[in-house]
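Here is a short note to read beside the model. Please keep the sequence and the structure open while going through the points.

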Amino acid sequence: MKTILLIEDNDFIRENTAEILELTGYTVRTAADGQAGVTQALAERPDLVLCDIMMPVLDGYGVLHIFNQNPRLAGVPFIFLTARTERADLRRGMALGADDYLTKPFEKSDLLSAVSGRLSRFQHLQPAYDLRANGLPEFLADARQAGSLAGLSADRRPHAVPRKQIIYAEGDEATRLYFVQAGRVKISKATAAGKELITGICAAGEFFGYRALLAGSPHHDAAVALDDATLRYIPADDFAQLLLRNPEVSQQFVRMLAGRLDQQDAQLLDLAYGSLRKRVADSLLHLHAQQLILSPADPLIQLAREDMAALIGTTPESLSRVLSEFRQDESIELTPKFIKVLQPDKLRHSNW
């Protein structure tokens with residue numbers, strides 16, 4: 001029996017939609033906002049998600065972003081529920097990777113057709129690997145079965161990497177795939193003058209280093225431990241054989257790569273045309289969404305001002321000024337050690 005996660009803040013729509021799906025034979029779990037929906041998905045991976053776009057706490061775009069970035073949830077069929085007045089926003093949702101959308105109010109037949117169609121299409125995709133818990137051995141076990149890859153088990157021991165240690169530098173040969181078991185790793189590029197731009201932060205449960213392996217090229221960026229981290233390594237040759245022999249695993253990495261490229265495209269667009277206030281707000285929302293995965297009960301952003309400035313593409317002084325503005329309007333709580341997002345909707349809809 002397939003499990004559907006329904007995330008909808010309108011009580012009437014949520015209850016009626018759930019009833020239709022349950023009468024059809026699906027198991028339905030419901031949530032009244034995006035954050036609650038993500039928490040439920042992390043506790044038990046659904047087979048499909050129906051998600052409203054405009055919601056309190058965390059909107060549908062934020063939910064989809066978390067699904068794309070979390071290896072355990074990547075690949076779950078995702079259908080947006082949208083009001084007719086929001087149809088202009090659908091381009092953004094589809095660009096982020098949504099599989100379909102239903103315009104409210106929708107007919108029962110349209111709902112069931114969309115759900116059954118997406119479940120049929122995705123039934124052969126990647127199984128759920130709980131990478132944040134103990135799913136990496138399961139991933140590697142599947143890999144060995146796919147290609148008798150004895151080497152995958154040869155270098156699976158955890159590797160302790162101290163804070164600020166360089167894992168690889170720009171131009172280094174790509175020799176392995178990296179998996180973050182604990183801690184965080186920043187991915188960055190540097191100008192000829194040495195100015196750094198952080199293009200991504202990988203947290204526990206995420207892979208990195210696969211872009212160079214897939215391209216067959218040296219690393220085009222650098223990776224440095226943000227915290228004391230624990231990494232696991234998969235040799236490049238074994239990773240290549242795994243992708244060739246196991247299409248389901250290949251699909252997962254293609255999705256992760258596509259999600260990362262979409263994120264970097266959005267970052268470049270913001271750097272070119274977005275105001276500093278908007279870039280800071282977007283980065284806070286992204287980091288907040290990442291922390292919701294790691295610590296749903298208390299998602300605190302702990303990042304040095306220099307690193308956050310490099311992520312946004314500004315100076316630490318300019319960043320501090322904007323953070324102070326957000327603190328004054330009570331969008332965030334700001335201390336020397338952490339930042340806590342108090343009102344995501346207020347950040348998202350600030351006057352840029």
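1. Basis. This is a predicted model, in which local features need pLDDT of at least 70 and side-chain atom pairs count only at pLDDT 80 or more, while totals for chains, interfaces and linings use all residues. Residues are numbered from 1 along each chain as its sequence is written, and side-chain values use heavy atoms, with hydrogens and water left out.

2. Aromatic pairs. The structure holds 8 aromatic pairs. Rings of Phe, Tyr and Trp (its six-membered ring) pair if their centres lie within 6.5 Å; planes under 30 degrees apart count as stacked, over 60 as edge-to-face and the rest as tilted. One of the pairs is F67 with F78, edge-to-face, at 5.6 Å centre to centre and 75° between the planes. F67 lies in helix α3 (residues 60-69) and F78 in strand β4 (residues 78-83), so this pair ties together parts 11 residues apart in sequence. Helices (H or I, at least four residues) and strands (E, at least two) are DSSP runs, numbered from the N terminus.

3. Burial of this pair. Buried means under 20% relative accessible area, exposed over 50%, and partly exposed in between (1.4 Å probe, protein chains only). F67 is buried at 2% relative accessibility, and F78 is buried at 1%. Y61, F67, F78 and F80 form one aromatic cluster.

4. A stacked pair. What arrangement do the rings of Y178 and F208 have? Their planes are at 10° and their centres 4.9 Å apart, so the pair is stacked. Y178 is in strand β8 (residues 176-182) and F208 in strand β11 (residues 207-208), 30 residues apart. Y178 and F208 are both buried.

5. Salt bridges. A search of the whole structure finds 14 salt bridges, each a side-chain nitrogen of Lys or Arg within 4 Å of a carboxyl oxygen of Asp or Glu. Among them is R29 with E44, with the closest N and O atoms 3.8 Å apart. R29 is in strand β2 (residues 27-31), and E44 is in the loop between α2 (34-43) and β3 (48-52). R29 counts as buried at 15%, whereas E44 is partly exposed at 41%.

6. A salt-bridge network. R277 and E325 meet in a salt bridge (3.1 Å, N to O). R277 lies in helix α10 (residues 276-294) and E325 in helix α12 (residues 316-328), so the pair ties together parts 48 residues apart in sequence. Salt bridges that share partners join R277, R321, E325 and D329 into one network.
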